[in-house]
Every structure is written in structure tokens, then in C-alpha cells.
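Trainee: I have a model open and would like a close look at a single part of it. Could you walk me through how the pieces of one chain meet, and then how the chains meet?

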Protein chains: 2
Amino acid sequence: MPTIAIIGLGLIGTSLGLALKQRGPSELTIVGTDRERDHAEQARKMGAVDRVESSAPAAVADAELVIIATPIIAVRPTLLEIAPALRHGAVVTDTASVKSEIMKAAREILPPHVNFVGGHPMAGSERSGPGGASATLFMDEKGRGRTYCVVPSLDAHEDAIDTVRGLAQLVGARAVHIDAEEHDALIAAVSHMPIVLSLGLFTLARNSPAWGDLSKLAGPAFGDLTRLAMGSPEMALDIFSSNRDNVIHWLDRMVAEMGRYREMLSGEERPLHEAMLKAQMDRQTFEERPEAEEQQREPLTPATNAGEQFMALLVGARLMERGREVEALLKDDPNERRIRERERERAERDGHENSNGTG
Amino acid sequence: MPTIAIIGLGLIGTSLGLALKQRGPSELTIVGTDRERDHAEQARKMGAVDRVESSAPAAVADAELVIIATPIIAVRPTLLEIAPALRHGAVVTDTASVKSEIMKAAREILPPHVNFVGGHPMAGSERSGPGGASATLFMDEKGRGRTYCVVPSLDAHEDAIDTVRGLAQLVGARAVHIDAEEHDALIAAVSHMPIVLSLGLFTLARNSPAWGDLSKLAGPAFGDLTRLAMGSPEMALDIFSSNRDNVIHWLDRMVAEMGRYREMLSGEERPLHEAMLKAQMDRQTFEERPEAEEQQREPLTPATNAGEQFMALLVGARLMERGREVEALLKDDPNERRIRERERERAERDGHENSNGTG
């Protein structure tokens, strides 16, 4: 039976298990492990994993796909721990919100007979631990897939990339291919710097002598804007220390943007009105995200069921080897060539889009 | 039959009507009006009002309680329009998110035989118009009352204050007494400046050449933090022009706060970790708001039903006159004296709390 190992059964790991159990092929066995025995037991009781193992190497021993869903700081030690225990051809992925460091660690640590494809499901929340987990964590309130970044290592086999893309789609998310450095620069703008904003707004109000009254007047907007301040401080520290320069870059730009609004607030009404009208329209377009729905409808490969395709890839993984010998063998397969071609086109297209830079 | 007039059937006006119909006494007649005939018709079809009048003076003619739920900019013209049509002893309130200007306008415009008590239900959202209205707008997702600021004019009769407090409680909100200047200074911190933050974060990302990729990576946190940018630009302009100095004051403090975080991000881990731990705990306490639940359980006056009490006040309003003669008559009523005493204590307590200033 194809086996998936989930290392780290917190919010993300447990939600992945639940979603795979609910939406994935029934033949799948999911093995889980967590340093906190309570978390692992809770995840098992919730039905997120079929079996709990007491160590990461034990959990990965039979797995075609290994998902590392630990805090960022634990990914490297986990890679070191599981490297000798991974089966040949296994696909290893992670869920960390910072990618450059992780890709580097995987390159250094993992043996050549496994494939690493980084992953980042954009589905965190201020909650943590298996208690907040849900099979629908990877979809928004309208049932549209949330973004799941797929960051292949340079020499990852296309089938390994397809496996992680398949995982993303199976749990209801929307796979987006992206390069690690690009990912970290952009995620700082939309995820990491906003944590600082949220903390800043909250502590500004909280540290004011008027907090007693401020807290009574704080409505849902203040609640939404400061919710991230409830997130795990350890996770935030992890993020900030792994992506510091990008966070500071965007923080400085945000301060400059606020200066721009300060000027508009002090001046004539018209430019401010126009800026707000445009922002309203653009934000509305973003809310509707028509492209998200399109991409969701696009199957993993034409004319196959996503679950079947995913199973085939997992089983295929038993035969996969990374390296030139295997590449050479596969080159003659016309189907493989077609997939490879598509992949290359996408990479070129992505590369082109990304060349716009972050600025 | 006691009658309430609602002028302006947008999100707030229509939601007030729906909540009064759902939770208020069944004998209540609600008359509504809106410059946009479509809004008025929609509100009537939703059951928020019993009857639509084509003008504000016609709507208020029979009303013991008049609720002005128009945009801020329309409150003054509305007061001018209805002043001659108000019945003796009527209580007039509003729902604007800025209070000093409104209190001044009411003082100048309204005749002495009516009572003005400002109101501000903290229940707005990025939506507008009756379409987004709901009977539960004044409660949070846990069913706890959202804050409803009650801002009495200096010479408002206690029964008028009780009427508006009763309105707040009937629709499920939590009445909080506050002075107009204090309100405007504090609301700038928790409601108005956050609009600028939200706009700033959105336009910063949107105007970046990398927006194509940024928008794919933007998750629920970015969505929450930028939702206010979808709000009505006209309403925001209204707010900014009525409360500009306070908004700029808090914007400057927010920029300073972000500078503080920038320093922490660049320095040792420990101070940042401690700051985030404290913020997490404080934000969690704020989320639970135990005092909100307590206050919600406290009845309008002991041993009476809130709905009955509200009706009695509305009926009583027919006899109410503002001014010393009436005050003198009422002074001998022991029950009235008790209520007045409670009110004074509360005012002193509030005054004491508020004397901490805005920080």
C-alpha cells in the first residue's frame, strides 16, 4: 500500500492528513509522528493518520512521500535524522513558509536517491496544534483552493514535482510553481511583514494608557487587523530569523507608503479619493480572483483522475532514482518527454513573469 | 403604537431595523426612508421596516425615536430637514463613526423640545447598502454584543439616554458611554487609522511590478489585513475629513511603532521574543473579553425586561420635555432619583478612566 509519512502533527500536518483521508485515494496509508506524543495521539484520534510512530526515521521507513510539517527551525535536524532511513526514490517535501534555507539544507543533507520538492501551503492561521486542524484548511470560505507553493530542487525528477503538485491539488489547494528566492522575497510582502504590522497595531493600542477605553471601542476591523498578533511567537521568530532582510525591506516600503497616505490625508481631497477608488476596485478584483477558479478546474494531467494519477506517481516513486542514469532511460519515453516539455515551458513562463522582480 | 424612524437604509440602518424586528417588542412600528428609493424598497422587502416614507420629515412625524443612519456628511442636512417635523419629546440619535461634529450640529440645529443622544454602533464592515444587512450585525461571531457608543448631549434627559442605551441592547450590542471628543480620539486609533494601514498594505503590494506573483501568494492573512480597502471610499473620505487630526496623530505613532519593531528585528532575538509573547497573551485576553460577557448579562435596570423597559421609555418620550421645568418635576420621583444617581456615578467613573487620556 502506498504510504505517506507526516512528520509534525500540528495545524498543517494534521490538516494535510485529514484532507488526504477525506479527499485522497482510500488505499493510502498515512503514518504520522510528532515530538509531542499528545499531538500525535490527538491527530490519530481525529483520523488524520492511520498509525503513529515514535520517531521520524521509523515513520519514513515505508513512505513513498514524506511531508515535513515541523516548525522551520526543526526542518534541518529532521532532514539529518531521516536521511539514512529514506527509501530509494522517495519524494520528500516540507511545509515551511521560508524556502531558500530549506532548499539549501535539503541539497546538502539528502542522499541522491531521493527527490526533494519544497512546499508551502498558504493556509496558516493564528491557531496552532492539531486542535485547530481541518480537512478544509487549504480552501477559502468559498471553497476555492488556497495557494500551495511548489518549489522543486534543481535536480528533482518531474514525477516528484508532479507528486507534490498532486498532493496540493488533492488537499484542495492550488499549486503554484515558484523559485525559492522569489518565494521568500514575495512572501515577506504578503505574509511576513504583515505579522509586524499586526503586532505593531496591537501593541500601539495595548501600550497606550487609554487601552481600557480603546479595547471597548475596538470593533471587528481592529480584530481582523491584529489577529496575527495571536500567532505563535516562536513561529514568528523562526520566520523573521530565516527571512529577516526581506521582511525589513518590505517594512521600510510600508512605512514609505504610509508617508504617502499621510501626505494625501493632509492635502486636497481628490487624489485621496481617486487612490481609494482604485484600491477598492483592485481589492474587489483580487477578492474575486477569477484565475483561482480557472486553475482549480485544470486537472493534474488531462483525462486522468487526480487521485489515480497521484497513486500512480506514488507507486512509480518506488522505481524512481534521481540522477543522470535514470534521466537517460526516461528520455525515450514519449509521455515523459511530453510532461517534461510542459514543465520546461512553465518554468520559462514563470521565469519570465518573475523577472519583473519584487520591486 | 410606538414608532421608530430610520433615516438611511444602508448597512447599518437596515440592520438596526432587522434586529429590532427580530429582537424588539412586537408592538413597534418602524418607518424608514432613504434617498435611494431602491434601498428603501429592499429594506422593506427584507422586513427591516414596516413602511417606507418618501421624505425624512414624513418619516419622523410620528416617531418617538429617530435614528439617523446616513453617511456622516448627510447628518447635518438631515438634522436641518427634520428639525421642524420632530414631535415634542422625541429622542434623536445617529450612527456616525465621528461624534464631535455631529454633537455640535445637533446642539445648533435641534429644537429644545427634543433630546439628542449620539450613537455609534461599532459594526461596520467593508460592505455597504441594505444587501449586506443582518439582524446579527451588532454581535460578534460568538454572539457577544459589539460595542455601541452612546454619546449624550450635555442637556439630554436621562430617559433619552436610557432609550438609546435600550436600543443598543435590544439589537444585541453592548452600550458604552463616552464623551464625543474622547470617542473621536480613540476611534481614530482602532478604526480610522487602521483603514489607512489596510489601504497602504494593499496598494503597496498592488502597485508593485511583482503583483502578478504576489497576488498568487497572498493568503488569508493578507486578505484580512487589506479587507478595509474594499470599503466605501466616500465613507472613508467622510471619516478622514471629519477626524483628520486624530487619524494623522495615530498614523505617526504607528510609523514610530513600526520603527521600534524594525530595531527589534535587526537586534538580539530575546527582546523581540518577549515583546511577541506579551502581545500574544494580551491579544488572547482581548479576544476573550470577559468584561464584554459580564456587561451583556447586566440588565438595563434590575428586574425589568429590556424590551418592556424600552417600550416604556418610548411611550414615556411622548411626555418628555427637555429643560429645567421638567427636571424639577422629576427630581421628586424616588425612582428617577435612583437612576440619576447611577448615571452620575457612571459618568464620574468614566470621567476618571478617561482622564488617563489617549496616551
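Mentor: Happy to. Taken over C-alpha atoms, the centres of domain 1 of chain A and domain 2 of chain A are separated by 30 Å. Domain 1 covers 3–178 + 293–322 and domain 2 covers 183–266, with bounds from an automatic or database domain assignment. A word on conventions: this is a predicted model, where local features need pLDDT of at least 70, side-chain atom pairs count only at pLDDT 80 or more, and totals for chains, interfaces and linings use all residues. Residues are numbered from 1 along each chain as its sequence is written, while chains are lettered from A and ligands numbered from 1 in the order in which they are written.

The contact between the two domains takes 14 residues from domain 1 of chain A and 15 residues from domain 2 of chain A; residues are in contact if their C-beta atoms, placed from the backbone, lie within 7 Å. On the domain 1 side, helix H4 (72–82), helix H5 (100–109) and strand E7 (147–152) of chain A each supply at least two residues. Helices (H or I, at least four residues) and strands (E, at least two) are DSSP runs, numbered from the N terminus.

Now the chains. Their contact takes 83 residues from chain B and 82 residues from chain A. H7(B) gives the largest share of the chain B side, 18 residues. Chain B superposes on chain A by a rotation of 180 degrees with 0.0 Å of shift along its axis (RMSD 0.1 Å), fitted by least squares on the C-alpha atoms of residues with pLDDT of at least 70 in both. That is the relation of a two-fold axis. In chain B, the C-alpha nearest the axis belongs to B:Leu225, 2.5 Å from it.
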